[in-house]
Structure formats: structure tokens, C-alpha cells
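Colleague: I'm new to this structure and would like to learn how to read it. Could you take me through a few features?

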Amino acid sequence: YLNPSQAIAHKNSFSKTAGLSVGTVSSSEGSYVVSEMKNVFGSIGFALKSSDVKSVTLTGNNDECLAGWVDVDYNGGEPVWTAKVDGDMMSSKSIEITVGGGASSDGSFFPNTKYYINVLPQTFEGGLTLTIEDKNGAKAVRVIDSKIVLARSERRSFTKALDNELPFDPL
């Protein structure tokens, strides 16, 4: 399965192409019964105070796989993912979110609006790094160097705007 490493943001939601739920299908007397579907991913929510931001990139500080191609095993009712580490269809160590249905008229994120990134659930022992790029190409980096646990189906959010008091450095 592919959880895209480049996704389009939608305000108050996650990318329409990101996210996977799994379950089982059984048949009985010509009809099908679908078990309870279970989400494979967790999500991280964020907001921005600036209306000039065009992309946000999330990276694990210990080279964790966050997206891309993964194998999913339903594992008796609890989805478990495994990163693909070789071949043409590999897992990705970063996710870049750009604007789409959640964009303002100039193609930037709306300020003070919640956006979500679907991420492979895991423990980020070294934390996460977020790189925020504005429409002029200037970047700001926020490093969270403490352990972050993101469980399957869990939605966690940053409590303050990612770009709050972050200087944007020219490239």
C-alpha cells in the first residue's frame, strides 16, 4: 500500500489520498460481511499563523519511515505495517504537505486552520523535524527532540502554530 510521501493538504482534514483502513470480508449464503475496519495510520495535526506558507515537511530524527510503500498485515485483527526498504516501491523517510483544497486564493495554507498529516504509527525516539517553506522559498525549521509516541488511529496535534516565533531564513 502507498501512503504518499507528497500529499495535498485539506483544511480541517488530511489528504484525500492518504489513509488506509483494513478489515476482513467473509461470505455466507451469497452475501458478504465486512468486519470492523481499522485505521492503519496515526495523524499529526498542525496550524500555521502565517498566510505565506506553501509547504510543510515532516521527518523523523532517527531516519524513521513515515510514508511511501508499506506492507500491511491484518495480524488477527490489529493492522501491523512493515516498511519496504528496497526495490522500486520503497518507504519514505519524509512527508511533504502542500496546499490543495485547503489553500487560500494565492496557493498558501490558510492561517490558524488545522491540517493533518497521516503518518505510519510508531515511537519517534529522537522526535521529529518540521521544515516550513514560505512562498518566497525561505525556510524555518522546528526540531522537537523529545520522544513522541504515535499510536495507530491516534490523532495528535501541536498546541501552538508551527511557525509561531520561528524566523524564516533565506535559502
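Modeller: Gladly, starting with pockets. On a 1 Å grid over the protein atoms alone, a pocket is an open set of points where a 1.4 Å probe fits, with protein on both sides within 12 Å along at least five of seven lines; lining residues have an atom within 4 Å of a point. This is a predicted model, where local features need pLDDT of at least 70, side-chain atom pairs count only at pLDDT 80 or more, and totals for chains, interfaces and linings use all residues. Residues are numbered from 1 along each chain as its sequence is written, and side-chain values use heavy atoms, without hydrogens and water.

Colleague: Which residues line the largest pocket?

Modeller: Its lining consists of Ile44, Leu128, Ile144, Ile148, Leu150, Arg156, Ser157 and Phe158.

Colleague: And how do I read a salt bridge?

Modeller: Look for a side-chain nitrogen of Lys or Arg within 4 Å of a carboxyl oxygen of Asp or Glu. By this rule there are 5 salt bridges. In one of them, glutamate 78 pairs with lysine 38, with the closest N and O atoms 2.8 Å apart. Glutamate 78 also pairs with arginine 152, at 2.9 Å.

Colleague: Is lysine 38 buried or exposed?

Modeller: Buried means under 20% relative accessible area, exposed over 50%, and partly exposed in between (1.4 Å probe, protein chains only). Lysine 38 is buried because its relative accessible area is 17%. Glutamate 78, at 37%, is partly exposed, and so is arginine 152, at 26%.
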